[in-house]
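Grab a pencil and keep the structure open while you read.

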Amino acid sequence: MSTTNVMEKGMEKSDLLKGMVAVVTGSGRGIGKAIATVLATAGAKIVINDINGELSMATAKEFELQGVDAIAAPCNVTNNEQIAQMVETVMNKFGRIDILVNNAGITRDDLFMRMSEEHWQAVIDTNLTSAFKVTQPILKIMSKQRQGRIINIASTTGVHGNAGQVNYAAAKAGLIGFTKTVALEYASRNITSNAVAPGFIDTDMTKALGEDKIKKVVEKIPLGRMGSPQDIAQAVLFFAGPGSYVTGQVLEVSGGLYT
């Protein structure tokens with residue numbers, strides 16, 4: 001995705017999400033930024049959130065230059081006080097929150113017997129507990145609105161497991177259980193809760209694996225290629241749409257890797 005034009009050529013703009021406000025955590029770059037871009041193209045107002053304040057501001061500025069109503073609301077999604085400030089900033093600007101995408105996450109990979117408790121806890125805190133901390137205050141707002149969309153970015157690793165990622169797999173599996181429970185508790189308020197589970201996606205994280213490892217994984221993918229951040233973003237858009245009769249579901253976007 002271009003760093004100077006968040007709206008890619010050929011992207012079809014629509015009014016599907018016109019008037020809606022979308023908060024996307026970890027949206028300064030990568031998959032989060034792609035999600036924010038697709039939601040913006042569908043007419044949503046965008047809140048760029050990242051732990052890196054400068055990156056949040058720069059990304060929000062890119063959106064603004066493309067005519068998107070966007071703001072930066074940086075915070076550490078494991079810090080309650082910073083989350084409260086983020087929510088206050090959004091409400092002061094837009095007065096509502098319609099879509100929350102819990103995308104922020106990290107990896108600290110190692111084999112189980114070598115994994116430190118520090119790396120275990122860091123991944124659990126950032127990839128799972130943060131979703132609890134961010135979603136709780138926003139659900140209060142959505143409940144008053146009697147409308148909302150919660151979309152959690154899980155992983156196929158949380159469904160199928162993956163050697164060397166016991167912390168990541170546990171966090172993402174927990175996020176799936178979180179998703180389904182919120183769906184049950186908040187359906188009566190017209191709030192849906194769903195998860196997108198990416199497979200092997202072309203990001204900075206996967207590029208760091210090196211060409212040989214990437215090639216071996218791609219050979220196992222029936223569609224014969226890595227996924228793109230836009231593939232994930234389009235799945236998020238499906239769940240974000242108004243009038244959805246889908247809740248409590250997990251959509252694997254993996255090119256058929258585990259079929």
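## Exercise 1: around helix H2

Let's begin just past the end of H2, where glycine 67 adopts a positive phi of about 85 degrees. Before going further: this is a predicted model, where local features need pLDDT of at least 70 and side-chain atom pairs count only at pLDDT 80 or more, while totals for chains, interfaces and linings use all residues. Residues are numbered from 1 along each chain as its sequence is written, and side-chain values use heavy atoms, with hydrogens and water left out.

**Task.** Check the span of helix H2 (residues 53-65), and work out which of its residues are buried.

**Solution.** 
- Step 1: Helices here are DSSP runs of H or I with at least four residues, strands are runs of E with at least two, and both are numbered from the N terminus.
- Step 2: The expected span is 1.5 Å times one less than the number of residues. For the 13 residues of H2 that gives 18 Å, and the end C-alpha atoms are 18 Å apart, so the two agree.
- Step 3: Buried means under 20% relative accessible area, exposed over 50%, and partly exposed in between (1.4 Å probe, protein chains only). The buried residues of H2 are Ser56, Thr59, Ala60, Glu62 and Phe63.
- Step 4: These residues cover an arc of only 150 degrees around the axis (using directions from the helix axis to the C-beta atoms), so they sit on the same side of H2.
- Step 5: On the other side of H2, Glu54, Met57 and Leu65 are exposed.
- Step 6: Contact means heavy atoms within 4.5 Å. The cover over the buried residues of H2 includes helix H1 (30-41), strand S2 (45-48) and strand S3 (70-72).

## Exercise 2: the sheet

**Task.** Find the strand order of the open sheet and name its edge strands.

**Solution.** 
- Step 1: Two strands pair if DSSP finds at least two bridges between them.
- Step 2: The seven strands pair in parallel, in the order S3-S2-S1-S4-S5-S6-S7.
- Step 3: S3 and strand S7 (250-253) are the edges, since each pairs on one side only.

## Exercise 3: a leucine in H6

**Task.** Is leucine 184 buried or exposed?

**Solution.** 
- Step 1: Find leucine 184 in helix H6.
- Step 2: Its relative accessible area is 73%, so leucine 184 is exposed.
- Step 3: Now look at glycine 248: leucine 184 and glycine 248 are 64 residues apart in sequence, and 7.3 Å apart in space, C-alpha to C-alpha.
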